[in-house]
Amino acid sequence: MYIMIGILVLVIACIVIAKLNSYKYWTCIYTAFGNENYYKAVAKLEREGIPSKRKRL
């Protein structure tokens, strides 16, 4: 029982650490409110060839 809980905690910790490391070198440069502003920003980044990660809440 305790071994299963320990393994589960270890797996969750590994996932959290991997997620934090993946965003280590990324910076938020723009926050859009509304679909129109969001798609304008995405289009401009793509037009300039800038790699981006997007997260919609």
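How many aromatic pairs does a search of the whole structure find? The search finds one. Before the details, a word on the source. This is a predicted model, in which local features need pLDDT of at least 70, side-chain atom pairs count only at pLDDT 80 or more, and totals for chains, interfaces and linings use all residues. Residues are numbered from 1 along each chain as its sequence is written, and side-chain values use heavy atoms, without hydrogens and water.

Start with the whole chain. The protein chain has two helices and zero strands (DSSP runs, H or I of at least four residues for helices, E of at least two for strands, numbered from the N terminus). Its radius of gyration is 18 Å, well over the 10 Å that the globule rule gives for 57 residues, so the chain is more spread out than a compact globule. That radius is taken over C-alpha atoms, and the rule is 2.2 Å times the number of residues to the power 0.38. Along its principal axes, the C-alpha trace spans about 50 × 25 × 15 Å. Buried residues make up 4% of the 57 residues (buried is under 20% relative accessible area, exposed over 50%, partly exposed in between, with a 1.4 Å probe and protein chains only).

Now the aromatic pair. Tyr-38 and Tyr-39 form it, edge-to-face, at 5.0 Å centre to centre and 75° between the planes. Ring centres of Phe, Tyr and Trp (its six-membered ring) must lie within 6.5 Å; planes under 30 degrees apart are stacked, over 60 edge-to-face, the rest tilted. Tyr-38 is buried at 16% relative accessible area. Tyr-39 is partly exposed at 48%.

Lys-40 lies in helix H2, residues 35-48. Lys-40 is exposed, at 52%.
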